[in-house]
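Q: Could you walk me through reading a model like this one, feature by feature?
A: Gladly; let's look at it together.
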Amino acid sequence: MSASQSAVRSRAEAVKVSRTFDWMILFTLFFVVLGGYHIHYMLTGGDWDFWTDWKDRRLWVTVAPIVSITFPAAVQACLWYRYRLPFGAVVCILGLLLGEWVNRYLNFWGWTYFPVNFVFPSQLIPGAIVLDAVLLLGGSMTLTAVVGGLAYGLLFYPGNWPVMAPLHVPVEYNGMMMTLADLQGYHYVRTGTPEYIRMVEKGTLRTFGKDVAPVSAFFSGFVSIIIYFLWHFFGRWFASTEFVSGEAV
Amino acid sequence: MKLLLRDKVAKLSFVALLAASSAAMLYTPTAAAHGEKSQAAFMRMRTIHWFDLNWSKEEVKVNDTMTVTGKFYVFAGWPETVDKPDIAFLNVGIPGPVFIRAGSWIGGQLVPRSVSLELGEIYEFKVLLKARRPGDWHVHSMMNVKGGGPIIGPGKWTTITGSMKDFVNPVTTLTGQTIDLETYNLENTYFWHALWYAIGLAWLAYWVRKPMFIPRSIAIESGKANTLITSTDRQVGIAFTVGTIALVAFGMTSTNEKYPITTPLQAGLLRGMKPFEMPAKTVTVKVEDATYRVPGRAMQMTLKITNNGDTSVRLGEFQTASVRFLDSAVLEDTTGYPDDLLAEDGLTVSDNSPLAPGQTRTVQVTASDAAWEVYRLADLIYDPDSRFAGLLFFFDESGKRQMVTVDAPLIPVFI
């Protein structure tokens, strides 16, 4: 076969090869993103995502969407510009959550016996679906950043509330009031995670009384817009192809 | 020749890699202790001095409790290189949640949160542990200090028997519900995560059922990008958006109906911990000099001791970094203190006859034991601020004890 000949002999064979490529690329993309995104999220979101007694109404709500919109923005940019495929955010979050669940179940529970109801990951899929859908419907990265990024931040807290609310039921313990999540953090000993490094309920949003979660979510949404812009450029740069002439090499 | 050499190096490297990975997989000893020996000697000698420690049980069944009690002295000569314990947390050094911490108190105050400690004060503490995972575990007292890291106290081996499957952790909430915190909310967590994951997969499935990368890339490069998104795609996008927002709203509303009373996470610093009052000191000690004889694994101090009390006293114990050096003629340990941290005859005093009231005596005190090496306290001589510190315990004729702290430069002797 010479270089000018086709590798396939019929349209059916071309379709088959194309689909095989599809699955290979999707499989590779899924696990490469899973690995990279998981490390990124553990390094930046870390304890906020590990433990229920870090999942508060101020900083967790603020930090988690901001640091997690990164890879979705980059992968969306790549898949949209090159293929018009609007599933970049969802594929990232599916990969991240699979990696997180494997990690929490095998490491946190399997090796160190922290109960799963104390170490489950945050829910990010609602925001990812809306992020992808806005890109699909608007076809614009700017619109996706502004509307999708804001929605990504806003949907985070209510999307997690059905799982977190039962752990925010108060309990009286030896004369002090705490939530069940606080009690989990106190009961299940972490020698390397003392109470004082827990960054919860810190900030200056005191004038909003008890309703700080929506304010934090809005702030998170605004910052997510900026982070989306930044990481979308990373995605575009990463997905670009540049041909260099032999003379330049 | 070069190629041959390169091939050989490559082959040998591969064999070495294989051998290393096999060794790593086949030999995995249990890491049961906490690296306390690796902590800088000055950290253990000059920060928190743990004493009077007691582990209530050496063997405990799953679901049964035991306590670790004792006192700790927040050393007045706290090193400059370690942040002061303005924010600290009473912890327990165990390999993960093999016990749950059912309670912890400083001076009778429950301390689930961080506390502020004062230099030069002594505090009494208690940690209540409930056995959870069977095995032999090294149980340490521990104080985490913000900016200073974990300051680990003495550890004692404790055995938990039974089965972890039997472990329960019942808690009654302020809404009157009694739950098992070990498994509470687990099914709800699995349900919501599975549901959202399925919805995410459905979104992905919609797109991957059609040709993806090569045909779409060709279409875009040939200027047909606009044809790739159909009206059905848009309708599906709208359906997923509306469905997602509706499900989030439904989840939020139904959860609020089910759990109308929730409170934010509790956080804050506990100040004003009540110190423990030790009997008034009547003995004063001045360290004339102190040397550490490297070959002999012994520390020698010249102490000028003055007894200002009304009864004679004798030196019974020198304690530093949780290692106790006793003069068995004065004091015998009956508390079951860990053997490796106890030198029962490790303290020698040149003249340890009763020191009469009003009398001053200069004595040579030698604290010698393998613990200096085993617990790597001898590494103190490599610290940037080569000082030692510890607690001296004097006993009067009736057995009453008083504690005096020492803090002085240490000169190593190599020959």
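Q: Which residues does Ile93(A) touch, leaving aside those up to four places away in sequence?
A: This is a predicted model. In it, Ile93(A) touches Pro72(A), Leu124(A), Ile125(A) and Ala128(A), and also Gly200(B) from chain B.

Q: Which residues touch the most other members of the largest nonpolar core?
A: Ile93(A) is one of them, along with Val90(A) and Cys92(A), in a core of 165 residues. Helix H8 of chain A, residues 141-164, is the top contributor to this core, giving twelve residues.

Q: What does the secondary structure of chain A come to?
A: Count the helices and strands, then read their order. Chain A has ten helices and two strands, and along the sequence the pattern runs α-α-α-α-α-α-α-α-β-β-α-α. Its C-alpha trace spans about 85 × 40 × 40 Å along the principal axes. Of its 249 residues, 53% count as buried. Among contacts in chain A between residues at least 6 apart in sequence, 70% join residues at least 24 apart.

Q: How is chain B divided into domains?
A: There are three entries to note: domain 1 (36-169), domain 2 (180-258) and domain 3 (283-413). Taken over C-alpha atoms, the centres of domain 1 and domain 2 of chain B are separated by 47 Å.

Q: How do I read a helix, and which residues of H5(B) are buried?
A: Here is the general idea: an α-helix has 3.6 residues a turn, so residues three or four places apart point the same way. Now the case here. Helix H5 of chain B, residues 231-258, has 28 residues and reaches 40 Å from its first C-alpha to its last, close to the 40 Å expected at 1.5 Å a residue. The buried residues of H5(B) are Gly237(B), Phe240(B), Thr244(B), Val248(B), Gly251(B) and Thr255(B).

Q: What covers the buried residues of H5(B)?
A: Both chains take part: the cover includes helix H7 (125-138) and H8 of chain A, together with helix H3 (186-208) of chain B.

Terms used. Residues numbered from 1 in each chain as written. Chains lettered and ligands numbered in written order. Predicted model: local features only at pLDDT ≥ 70, side-chain atom pairs only at ≥ 80, totals over all residues. Core = buried A, V, L, I, M, F, W, Y, C linked by C-beta atoms within 7 Å. Buried ≥ 20, exposed ≤ 12 C-beta atoms within 10 Å, placed from the backbone. Helix = DSSP H or I, 4+ residues; strand = E, 2+ residues; numbered from the N terminus. Contact = placed C-beta atoms within 7 Å. Domains from an automatic or database assignment. Expected span 1.5 Å × (residues − 1).
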